[in-house]
Amino acid sequence: MTAEAKVQIAVVGHTNTGKTSLLRTLTRESGFGVVSARSASTRDVSGVALICDGTPALALFDTPGLEDASGLAEALDAQPEAADPVAGIEQFLAGDHGQGRWEQEAKVLRQLRRSDAALYVIDAREPVQTKHRDELRLLGACGRPLVPVLNFVASDEADPERWRSQLARMGLHVQASFDTVVYDAAAERALFDKLGVVLDAHRGLLQRLMQSREAEREAVTLAACRAVATMLVEVAGQRHQAPLHVPQADITEALRRSIAAAEQRCVDAVLALFQFDLQAYQPPELPLTEGRWTLDPLDPEALRSFGIRAGSAAATGGAAGVAVDAAVGGMSLGAATVLGAGLGAAWSGAQTFGRPWLDRLRGHQQQVADPAILALLATRQVALLRALLRRGHAADTPVQMTPTAQGWPSAPLRDAVLRARHRSAGGLAATGAEHDTAVSPVAHQVRVAVGAT
Amino acid sequence: MTGAGTDDTPCPSRLADRLLAALVCVREEAAGHPADVPAADAAARQTGGDFARRIRARAAALPDAPALRKAIQQVLGRGLGLLLLVVALAGFSGAFAAAAALDAGPPASLPLVLLLLVGSNLLMLLVWLLGVPLSRRVTPSLGRCAMTLWQRFAGGRAGIDAGDDPRRTVLGILVGGASGRWLAASLGHAAWLSFALGAWLSLLILLSVRAYALSWDTTLLAPATVAAWVHGLSFGPAALGAPVDHLFAGTAGQTVAGQAGAQWLLAAALAYGVLPRLLALLCCGGLWWRAQARFGRDLQRSGYARLRRRLMPDRVLLGVTDAALAPPPAAPPSPPEAATAHAVPWPSGPVLGLWLDDAGDRRPPALPNVHWHGLGATDTAAARTAARAAVAAHPQRPVLVLARATMSPDRGAERFMAQLRSLTAAPVQLVLIDMDRLVARGPAPCRQRLADWQTLALRAGLEHRPLQWPEGLA
Ligand SMILES: Nc1nc2c(ncn2[C@@H]2O[C@H](COP(=O)(O)OP(=O)(O)O)[C@@H](O)[C@H]2O)c(=O)[nH]1
Ligand SMILES: [Mg+2]
């Protein structure tokens with residue numbers, strides 16, 4: 001891992017334009033450097049190398065902000081005449097940097113001389129100014145390709161169009177737009193593509209890097225959907241049992257606590273998968289006041305889930321009956337099919353409606369999560385996944401989610417969860433392998449509900 | 001499904017290693033986060049290879065891996081013991097069933113022997129086959145049943161806390177899902193195979209060493225019907241090379257089965273008893289093998305997926321490559337109350353105004369009694385030189401520097417204002433404009449930015465004019 005990356009990119013720009021933020025978001029390293037809305041928060045040059053196929057492919061270097069490009073330009077003009085701009089810069093770097101006055105600018109120029117190209121980060125909310133021209137002239141004198149990156153483009157104040165035309169007037173036609181806080185996968189791909197344009201020799205490498213990052217992102221998304229699905233199935237299958245004399249409120253409270261813990265575990269897993277701070281989102285309290293029998297015969301949800309269940313049980317029984325019919329050469333004229341279907345449905349019904357009464361007889365009462373709670377959990381987690389997919393690693397405010405609407409994120413997801421509810425009764429925790437039957441369909445529906453990355 | 005393309009190629013690994021990885025995964029998922037053991041992570045990265053392989057390497061390098069391995073060996077050992085026990089019992093019962101069926105004479109009835117040794121076997125095979133479509137539903141209960149049994153068994157004997165007994169978890173992994181389904185089926189087939197083999201061996205030995213009177217006769221069926229049935233069933237024995245043509249050496253209405261009948265019986269027991277079960281066992285065993293190969297490979301499970309960053313890092317921090325020489329300049333002490341007390345009044349009369357950056361041709365703010373002069377932009381080297389000259393030319397004229405509040409206060413501005421300060425005897429003050437845009441960014445950034453401007457003005461030595469806090473923010 002100590003090998004030097006094949007491509008070195010310096011991230012440069014005026015102070016406070018989001019250079020450190022860009023590094024955080026591009027490297028998914030939310031702890032990188034110091035990000036603040038004040039000037040000169042970054043004072044040294046530090047880097048992160050992105051790995052592709054096990055070797056460092058692209059190193060990004062964060063640099064201090066340019067704060068006095070005009071002053072430095074003046075000083076450079078006062079220097080003894082150099083053969084060309086690059087020689088002028090070398091001459092400046094070899095000196096004492098104006099008695100340390102342009103130490104910060106010297107670091108930027110030195111890093112740029114060491115790099116293959118630079119991303120010039122621009123706060124697109126700022127008006128286009130002459131000082132930018134000074135900065136670009138200075139950076140251009142280093143003899144490295146510059147790709148301007150318009151940052152803050154998701155802000156209302158940003159005026160990217162003006163910037164684009166002004167940059168084009170300065171001869172910078174290859175430009176990228178980005179917002180380090182509101183993440184956009186397409187913008188990131190475009191940024192790498194633009195780098196590929198100015199670094200033609202490394203275009204293949206950049207493409208491979210981008211592909212491996214996209215594959216990784218999809219894998220992370222799937223794993224996050226899986227974590228959400230596991231939580232939903234687990235909560236759906238939870239049964240809290242207690243002797244009859246225990247007050248109902250106590251059981252409800254125990255159920256609520258265990259559901260909240262399951263949700264918190266899921267949120268932690270999802271945040272960790274996306275490599276965000278675990279503080280980035282705290283699920284609000286569950287409004288669980290009352291658990292109840294899921295399969296209250298009058299509950300439409302329950303009836304629906306029973307319909308599904310009886311249907312599939314009847315289908316299985318029927319299939320067995322068909323096999324018997326076939327085995328006896330059709331002599332039973334399909335009687336076995338009918339019988340099998342009936343038995344399947346009866347078995348399923350007995351499991352659903354008989355169990356509670358059996359428990360009562362045995363002196364137990366039992367509570368399960370209300371379908372409304374399952375809906376709330378599902379909606380909240382899907383909204384969280386969506387928010388995280390649009391969150392850059394530079395974001396330092398907690399995830400904001402608008403109060404979620406009532407009901408399930410999608411009808412197929414509801415059906416999948418309610419169906420899994422019966423399969424997972426008794427808990428998934430120990431038997432890892434039950435995942436494929438109970439969780440996979442739910443995970444698939446969560447992925448569909450979350451939408452494109 | 002996985003990030004790197006190499007992840008899908010299975011590499012050889014032992015069942016125990018995969019179980020260990022799955023066990024660690026279940027445990028860490030229950031704990032809510034993967035254990036932090038940097039040494040194990042480093043060992044896994046050292047191992048290299050695909051993600052699944054690194055996960056196994058990490059699991060093997062965890063400090064309590066030996067204990068977990070022991071638990072796995074115990075479960076596998078007990079499972080094997082159970083298998084052997086069941087197989088042995090079934091083998092013996094097959095042998096006894098064969099002996100008993102032959103002894104139910106004389107003469108011993110060939111149809112009866114066949115029915116007892118092969119019929120029951122085939123019937124149960126058929127029942128199992130019919131149950132296969134249902135088994136997805138049934139095995140979870142089977143698995144839970146096994147777990148409950150284990151709990152009773154282990155809990156009763158050793159008083160183990162069932163909750164975090166790794167053996168319980170291992171068992172759960174083995175008997176859950178597809179693995180459990182095919183494991184249960186394989187166990188059944190193994191037992192029946194052993195039954196059939198025991199019966200066949202017993203038949204072979206008994207028929208070789210003793211003389212039995214064998215008969216095809218039944219009470220109800222006519223010899224011709226029996227013959228038709230036997231012919232119908234003969235394709236199996238024929239395929240195994242048994243004589244099928246002269247089976248019925250009938251005398252006086254009796255159908256006595258001789259040596260040929262015994263050979264036919266042995267061949268039929270082999271063809272209809274042993275071979276189907278062998279085939280079923282091979283199938284189910286193969287399916288179980290496939291199912292167990294997925295232990296520790298379900299890389300989307302959060303227990304595994306959360307390890308990806310640690311075991312297959314996609315980036316490496318290079319650290320500081322060019323460190324800052326000096327610590328950041330300390331902010332000058334500026335107690336806000338004292339500053340407010342000594343607030344400088346607005347100048348009046350002719351005032352030299354300068355835009356700190358290129359603000360186009362905007363009008364300056366209207367201040368009472370202020371006549372603006374100058375008002376060039378000063379964000380280039382040349383403009384700053386000109387501005388310095390203008391200030392130096394009127395050393396008695398107050399200077400107001402106009403800056404957009406949203407601009408980042410930087411060292412360039414500070415240096416420039418300090419230069420202006422040194423060039424004139426009159427007051428130099430900073431005026432922030434466009435406050436509404438700053439306010440729109442929220443109270444915290446606004447307060448921060450104003451404080452930074454204040455600090456900058458103090459450092460540049462400007463006449464102190466406390467910057468106005470917008471309404472409702474102070
Ligand atoms: N809304 C928004 N804020 C950003 C964006 N990029 C940076 N910031 C904020 O801008 C400020 C300066 O960012 P920083 O990375 O420290 O800038 P640097 O000085 O160039 O390294 C911080 O408060 C960031 O949170 C962006 O794209 N959108
Ligand atoms: Mg920075």
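**Ground rules.** I number residues from 1 along each chain as its sequence is written, and chains are lettered from A in the order in which they are written. Because the model is predicted, I take local features only at pLDDT of at least 70 and side-chain atom pairs only at pLDDT 80 or more, while totals for chains, interfaces and linings use all residues; side-chain values use heavy atoms, with hydrogens and water left out.

**Chain A overall.** I looked up the secondary structure and found 14 helices and eight strands in chain A. Both are DSSP runs numbered from the N terminus: helices are H or I with at least four residues, strands E with at least two. Of the 453 residues in chain A, 55% are buried (under 20% relative accessible area, 1.4 Å probe, protein chains only). I then turned to contacts, meaning heavy atoms within 4.5 Å. Among those in chain A with a separation of 6 or more, 75% join residues 24 or more positions apart.

**The cores.** Next I went to the largest nonpolar core, which has 51 residues. A core here is a set of buried Ala, Val, Leu, Ile, Met, Phe, Trp, Tyr and Cys residues joined through side-chain atoms within 4.5 Å. Val270(A), Phe274(A), Leu385(A), Val442(A) and Val446(A) touch the most other members. The elements giving two or more residues to this core are H8, H9, H12, H13 and H14 of chain A, and H8(A) gives the most, with 12 residues.

**The interface.** Which chain gives what to the contact? I note 67 residues from chain B and 71 residues from chain A. The area buried between them is about 6,000 Å², with 49% from carbon and sulfur atoms; this is the accessible area (1.4 Å probe) that two parts lose on being put together, summed over both. In chain B, Arg315(B), Asp322(B) and Arg411(B) lose the most area to chain A, together 11% of what that side buries.

I also looked for salt bridges (a side-chain nitrogen of Lys or Arg within 4 Å of a carboxyl oxygen of Asp or Glu) and found 11 across the interface of chain B and chain A. One of them pairs Glu74(A) with Arg388(B), the closest N and O atoms being 3.0 Å apart. Strand S5 of chain B, residues 315-322, gives the most to the side of chain B that touches chain A, with eight residues.

How values were computed
Buried means under 20% relative accessible area, exposed over 50%, partly exposed in between (1.4 Å probe, protein chains only).
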